[in-house]
Amino acid sequence: MSRDTLVSFDGVVKRFGSFVAVQKLDFEIRKGEFLAIMGSSGCGKTTTLRMLAGLEAPTEGVIKLSGKPINDLPTWSRDTPMVWQSLALFPFLNVRENVEFALKMRGVGKAERRRRAEQWLDRMQIAEFAERNISQLSGGQRQRVALARSLVVEPEILLLDEPLSALDAALKVRMQSVLKNLQRETGITFVYVTHSQSEAFSMADRVVIMSRGVIEQIGTPQEIYRTPGTRFVAEFLGSSNIFQGRLVPGDGGGAALDTPLGRFETGADATARLGTTATMTVLDTKTHLAAARPAHARNVLPVRMIGEEFVGATATIYLEAAGGQEIRVQKGHDELSDIPLEIGRELFVYWEPGDAHVISEA
């Protein structure tokens with residue numbers, strides 16, 4: 001365990017009867033980082049967070065906080081406050097009393113409780129609502145109360161279980177900025193569980209992607225987006241075109257992937273894996289579109305347009321290759337202005353070998 005490790009999961013398994021919710025987790029959470037744990041429903045992300053909070057006990061393995069095992073430590077002794085999806089604010093207390101609650105449970109005197117609560121209410125820009133009932137607040141204001149209530153005790157780590165899921169899209173974006181700025185300013189370690197790729201990738205220093213109780217990949221958002229570690233990760237993110245085939249010698253000295261759709265140069269030095277089955281991913285932003293076959297492109301695939309989606313300044317063009325495989329191209333509107341975008345139109349997609357990422361399946 002390195003000196004900057006705050007939490008470690010060592011061989012942690014969680015079973016509910018015969019069902020294995022989490023399978024042998026081995027990873028570390030660093031001091032002062034914003035770590036997001038994401039995956040689809042049932043992947044084990046919330047169970048992992050609940051074990052760290054003390055709400056579930058590991059079936060096997062050890063969880064350590066600051067180098068000390070906490071498996072048998074009760075929730076109230078861990079100093080791992082959690083912001084819930086439901087926020088779990090007390091409706092019978094006003095805003096200031098909600099924020100003071102954890103301090104009161106710790107025996108902090110009345111004057112000091114009020115001083116620290118008001119300090120955090122001011123920091124969260126909700127001081128004017130101190131005497132209001134929780135029912136009188138908007139969703140965003142309640143969110144800030146829940147954060148203030150957890151942070152007023154100045155914990156070393158804060159756990160967040162999909163806290164933005166009930167907010168509308170515009171408010172989510174604003175609260176993402178609030179959360180990230182808070183984490184940077186306080187230096188508190190944030191562990192944030194979400195199913196939302198946009199939330200995780202916009203806020204986190206590192207992201208853990210889980211599937212069926214197993215960690216598929218841990219890395220920075222940039223690493224995971226550009227170089228997914230497994231086919232599952234590439235499919236889960238949904239930002240890449242995916243091809244499967246056999247690695248063969250490439251024309252440029254690297255490797256090529258022999259697929260049912262053709263042979264594509266990868267630009268990767270995978271000579272040690274020649275002859276093995278592999279997956280190749282190409283980001284939809286790195287996949288180009290043309291009305292006529294590009295003369296000098298090394299990787300070209302005939303396609304037929306089947307749909308389009310416009311989001312702000314970008315457009316995603318949906319295409320179909322031979323055999324029904326879907327291909328996506330995402331570009332700015334100006335990059336597509338000279339291409340006849342019509343459903344059923346025959347077009348060509350192409351990409352550079354160096355923009356292909358190879359995932360070995362060996």
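Q: Which residues in H4 meet which residues in H5?
A: On the H4 side they are Gly 139, Gly 140, Gln 143, Arg 144, Leu 147 and Leu 151, and these meet Leu 171, Met 175, Val 178, Leu 179 and Leu 182 in H5, where contact means heavy atoms within 4.5 Å. By class, this contact has seven nonpolar, three polar and one charged residues, with Gly counted as polar and Arg as charged, while Leu, Met and Val count as nonpolar.

Q: What kind of model is this, and how are residues numbered?
A: The model is predicted, so local features need pLDDT of at least 70 and side-chain atom pairs count only at pLDDT 80 or more, whereas totals for chains, interfaces and linings use all residues. Numbering starts from 1 along each chain as its sequence is written, and side-chain values use heavy atoms, with hydrogens and water left out.

Q: At what angle do the axes of H4 and H5 cross?
A: The axes of H4 (residues 139-151) and H5 (residues 169-186) cross at roughly 20° and come within 11 Å, so the two helices are roughly parallel to each other (angles under 35 degrees count as such). H4 passes H5 in a right-handed crossing.

Q: Switching to the sheet, what is the strand order?
A: Five strands form an open, antiparallel sheet in the order E15-E19-E16-E17-E18, where pairing requires at least two DSSP bridges between two strands. Strands E15 (288-290) and E18 (326-332) stand at the edges with a single partner strand each, so one side of each is left without a neighbour in the sheet.

Q: And how many bridges join E16 and E17?
A: E16 (residues 299-311) and E17 (residues 314-320) pair over seven bridges in the antiparallel sense, and Arg 304 stands opposite Glu 320 in E17.

Technical notes:
Axes fitted to C-alpha atoms, helices over the stretch in contact; angles between N-to-C directions. Helix = DSSP H or I, 4+ residues; strand = E, 2+ residues; numbered from the N terminus. Parallel < 35°, antiparallel > 145°, perpendicular 65-115°, else oblique. Left-handed = near helix turned anticlockwise from the far one by under 90°.
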